[in-house]
Amino acid sequence: MILSTNQTILCLFGDIRENEQVIGYKMLYPFILNLGEANEDGTIPITYSRWCPYTPVQEFKLNGEHIVSVTFPDDGILTNYVGELAQYGITEADLFFTEEQVNGTDSQPDQAAE
């Protein structure tokens with residue numbers, strides 16, 4: 001996620017709903033991503049730092065005005081993120097789940113979003 005502060009954040013992201021309406025967003029376990037100096041082999045390391053290290057709470061609420069863009073991370077970045085969270089006692093079982101099937105089929109929306 002890119003915030004209006006120009007920070008690139010890696011987090012678990014979701015919306016907050018009230019009466020079927022999105023009223024805000026939340027990010028769980030947010031980390032700021034920064035690029036390091038290029039290595040001799042051309043790779044560029046990514047550094048991770050906690051977004052708000054001043055609190056033990058790791059769930060933050062935002063309004064949409066502060067969000068510029070949201071996308072899925074590269075698989076390598078996701079793997080590193082899971083490793084970073086493991087240092088805080090957060091396991092893969094806490095992060096990943098299998099969606100339940102509805103009527104024996106994968107649940108899919110019946111219409112595309114506008």
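Keep in mind as you look that the model is predicted.

Let's begin with the rings. A pair of aromatic rings is described by the distance of the centres and the angle of the planes. The structure holds 3 aromatic pairs. One of them joins F31 and Y81, with 6.0 Å from centre to centre and 85 degrees between the planes, an edge-to-face arrangement. This pair links distant parts of the chain: F31 sits in strand β3 (residues 21-35), Y81 belongs to helix α1 (residues 75-86), and 50 residues separate them. Both F31 and Y81 are buried.

Another pair brings W51 and F60 together. Their ring centres are 5.0 Å apart and their planes meet at 80 degrees; planes over 60 degrees apart count as edge-to-face, so the W51 and F60 pair is edge-to-face. As for burial, the cut-off is under 20% relative accessible area. F60 is buried because its value is 13%, while W51 counts as partly exposed because its relative accessibility is 24%.

In soluble globular proteins, nonpolar side chains tend to be buried together. Here the largest nonpolar core has 19 residues, and M1, I9 and M27 are the ones that touch the most other members. At least two residues of this core come from each of β2 (8-18), β3, β5 (59-62) and α1.

Setting aside neighbours within four places in sequence, M1 is in contact with Q7, T8, I9, C11, F13, M27, L62, I67, S69 and V70.

Key:
Residues numbered from 1 in each chain as written. Predicted model: local features only at pLDDT ≥ 70, side-chain atom pairs only at ≥ 80, totals over all residues. Heavy atoms only, no water. Phe/Tyr/Trp six-rings, centres within 6.5 Å; stacked < 30°, edge-to-face > 60°. Helix = DSSP H or I, 4+ residues; strand = E, 2+ residues; numbered from the N terminus. Buried < 20%, exposed > 50% of the residue type's maximum accessible area, 1.4 Å probe, protein only. Core = buried A, V, L, I, M, F, W, Y, C linked by side-chain atoms within 4.5 Å. Contact = heavy atoms within 4.5 Å.
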